[in-house]
Amino acid sequence: MKHEIKVNINGQLRELTVLSHQTLLEVIREDLGLTGAKYGCSTGECGACSVLMNGEVVNSCMVLAPEADGATIITVEGLSDDEELHPLQKSFIDHHGVQCGYCAPGMLISAKALLNRTSRPHEEEIREALVGNLCRCGAYADIIKSIQVASRARR
Amino acid sequence: MVTRKTHIIGKPFPLVEAQKKLTGVSCYAGDEPFGPELLHARILFSERGHARFRLLHVDAARKQEGVVALITGQELRARLGAVIEDREMLAAEEVLYAGQPLAVVAAESPEAAMAALSTIEVVYEDLPGVYDLEDALAADAPLVHPNMASYRGFEQLNPQPERNLAHRIAFQRGDVDKALSEAAFVLERTYSAAPLQHAPLETHGGVAQLGEQGELTLWLHVQAPFLQRQVIARALKMPPHNLRIVTQCVGGSFGSKVAVSVEGLLAAIAREAGGRPVRLHLTREEEFRAVFMTPAMRARVTMGMDENGRITAIRAVYDWNVGASVDPFIVEMQRIALAGTGPYAIPNADIQVNAVYTHLLPAAPMRGLSIAQVHWAVEQHVDELAEMAARSPLGLRQQNLVKGGDQLFPEFVMHANGLESCILETSRAIGWDPAQQRIQTGTTARGKGVAMGWSPIIVFPHCKSRATIQCDGENLCTVIVDGVDVGQGYYAFITQLIAFELNFPMEWITVLPTDTDKYEPDWQAIHHNLLWSTGRALLQATAELKRQILSYVSEIWEEPVTNLDIVDGEVISYATRRRLSVLKLLQEGTGEDSPPVFRATGVYEAPDREGGLGSLLQSFATTGYAAEVVVNLETGDLSVLQLAGAADVGHAINPEGVKAQLKGGIIQSISQTLLEEMRFENGVPVTIDFMSYPIATTADMPQQIHPIVVEIPQSTGPYGARDLSDHVLVGASAAIGNAVYRATGVRIRELPITAQRIYDALQSQAAKVER
């Protein structure tokens, strides 16, 4: 069955025709052409597909596209404006928060949601916020450091 | 050399690849933008371990709406293998393992591809299978490869085809029997390690497209494009120059994206797709079921020691369950043999490494290259030996460890190395106290353990690394190499080296995707020592490029080239004080002529060597680990409180990058040691997602991680440096195992160390005490 949905994606209002069984991840990647959110498991276990939906982190592989009707979605592409990287992105570059990089977009989204809630999170809070984001390279220590430094640098 | 103004070697250096990865730029599997022409490939995999089979309704599947091409093993008889071709690309009549491909389809949508495959009915007739080492080596075991002798490459192996022994590497020195009979202490123990999954977060995939001239291009995310081109071209009977592999970002490999897995099927189906691009991207479940496992190990180790604490003899047999294909594992077996004594100069040694065929998923080595599992055995054994003789585990190691100048093999003398610093600094970092056994608080106990490691870096004769640098006005400075950045910081190193040698700003330098079209078809890159081999090639290329630039300017200025140098992106004359921006030179030229283009290629080719196993050795990477754990004595629950890891990298060219690799290795070690185990039922994987096969999350991190960089320069390496990333795991699991022993008094000899295993061991220990 087809559904007409409206989503605000990274500040742009888009009207889309989606199928009942399509996931939000598929729509973001295939229909909207935004490849930052990654396919990692399709079962909500790895967090590579994390996006912000109405301000909350969701695994977009676990959200059916029709459920996103009327939602405001932010993907990793929406973190930086055209001119400048987000402080989190800068900090990940400076503090080796990236190795192979596949988990990085999801990590950034979880970090952004955390900083929206808590401006100066403790290490323990960061660990907790990232527990649903797997990094097979094991870069957690540097990811946590990147987030801590970015939170201190924020205005 | 180090007196230059721009000294960036050994200083913090940013990740040159990071920005695109952090902004969502398309570069991984599944990202490729190919528009509406794109077709989608899916694979039908075997669901049985060992069976004869028939496919029904294949023609009906072919005729379904949206299907463009469908191939089964009846149409495509092709075998895969770099050394021995012991894998069928598509099974024709008999499946040898669950997860073996049976058919591949390309269709207009993923749904149409799936619908076609679900139309096909597979009728299996089960055959007896062997899944573990004991069964596979039993006298009456069914043979996994009864026709092994007919495979291409068979003559390069040392097998016993009548008994599932696929390949053996062994060496002896001294007289082990005599030394063991004279030893004051002799200890024999068996250790084992479970099969693992590499589990890169990016599952296998890519895009392939047939060109008008019959040339096939593959956009892949693999570690070894040159090797893959060779293997796929041979399997599909194509001339290698008709097959091009362009490597995009790699979202983790850990060894799973070296040997060919599904890439050959992508190439095969794209040939039938009428020139349309075809995408394949495995699901997570397919990644678990049908790519590679790492081989399970059983190690039988006997050591002898004299009254003075000198280890005099070792006999070790390492048996590996390689599943239905030994090919991806062959080259590691020499390294395993070379590492097989552990990092000790033991005068009498008898080391045997066996690969055993079973009806399981083919095995490929994982990061740590199976040397990590070898140390799980040897480095626990040394602790057990120390306990037996009432000696300090650290002291015994210091007394026996290999030192610079030790003649290990007729062809190899050990170089200066940081092994002792590694073990001393890591044990200091966790507050190691030799007198302290354990601290018990109520029902929990804490304990500390140490271990060391060495990992052979070997070079096969005529293996090559190549680097080409081009400087022009349009792209400034582009580099093409034959290795691939898989997250280890390889491209950052390349950028750093060129920026240093040419004294250019790093912003001018771009490392281009590795592309097999850029070099001759027979090139085979060296993988586990890319820094060393690419570094040597780059040093040649930069020297030649600098010569070209300075010669060009010297002719224009009519000054001897010896007066000239490049400083901060400018050619300068020390004699006349003239200056010329290289950027301006490249973009505008010097007036009369069009702007120049400079181009140079450097090649490192490994020399011919003669002799035995030791002749392959180039060097050893050395490591040290120290762990503190806490164990609940009632439940067996285990946590790592702190883990220190040290590696001798010769010279840390990018110190923060080195630490990042060490920290990542620490987390991966904890994951492998405590959590990971691939399980099967009748040869069928049952660990098929991150619930049944958990890997470490932030919740599994120790409170403290201590990355320690040791620098004992390697004379032949670029700036004295040595490779690291493949070797960081070596020794860590034994340090944790030794810590568990000191906390609990029970020795766990099977990996992973689960709460159940500790609980069971504590129970049987208590039962013994009661009796």
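Which residues of helix α12 (residues 419–429) of chain B are buried? I looked this up first. They are B:Leu419, B:Cys422, B:Ile423, B:Leu424, B:Thr426, B:Ser427 and B:Ala429. I call a residue buried if 20 or more other C-beta atoms lie within 10 Å of its own, exposed if 12 or fewer, and partly exposed in between, with C-beta atoms placed from the backbone. Helices (H or I, at least four residues) and strands (E, at least two) are DSSP runs, numbered from the N terminus.

**Ground rules**

This is a predicted model: local features need pLDDT of at least 70, side-chain atom pairs count only at pLDDT 80 or more, and totals for chains, interfaces and linings use all residues. Residues are numbered from 1 along each chain as its sequence is written, while chains are lettered from A and ligands numbered from 1 in the order in which they are written.

**Around α12(B)**

I then checked what covers the buried residues of α12(B). The cover includes α11 (393–400), β21 (444–458), β29 (617–632), β30 (638–648) and β33 (704–710) of chain B. Just after the helix, B:Gly431 has a positive phi of about 75°.

**Chain B as a whole**

I found 18 helices and 34 strands in chain B. Its radius of gyration is 27 Å, close to the 28 Å of the globule rule for 771 residues, so chain B is as compact as a globular protein of that length. That radius is taken over C-alpha atoms, and the rule is 2.2 Å times the number of residues to the power 0.38. The C-alpha trace spans about 100 × 75 × 50 Å along its principal axes. Of the 771 residues, 57% count as buried.

**The core**

A nonpolar core is a set of buried Ala, Val, Leu, Ile, Met, Phe, Trp, Tyr and Cys residues joined through C-beta atoms within 7 Å. The largest one has 309 residues. B:Val105, B:Leu266, B:Ile269, B:Ile498 and B:Val740 have the most contacts inside it. Helix α13 (residues 490–502) of chain B gives the most to this core, 10 residues. In soluble globular proteins, nonpolar side chains tend to be buried together.

I followed B:Val740. Leaving aside neighbours within four places in sequence, B:Val740 contacts B:Gly447, B:Val629, B:Val631, B:Leu638, B:Ile748, B:Ile753 and B:Ile758. Contact means that the C-beta atoms of two residues, placed from the backbone, lie within 7 Å.

**An exposed loop and an enclosed strand**

Is B:Glu558 buried or exposed? B:Glu558 is exposed, with 6 other C-beta atoms within 10 Å. I located this residue in the loop between α14 (530–557) and β25 (564–567) of chain B. Its C-alpha atom is 68 Å from that of B:Val67, 491 residues away along the chain.

Strand β3 (residues 67–72) of chain B has six of its six residues buried, so it is largely enclosed by the rest of the structure. β3(B) pairs with strand β7 (residues 101–107) of chain B, antiparallel, over five bridges. Pairing requires at least two DSSP bridges between the strands. B:Thr72 has B:Ala103 in β7(B) as its bridge partner.

**Where chain A touches chain B**

How many residues of chain A are in contact with chain B? I read off 42 residues of chain A, against 47 residues of chain B. On the chain A side, α2 (87–94), α3 (104–117) and α5 (140–153) each give two or more residues. α2(A) gives the most, four residues.
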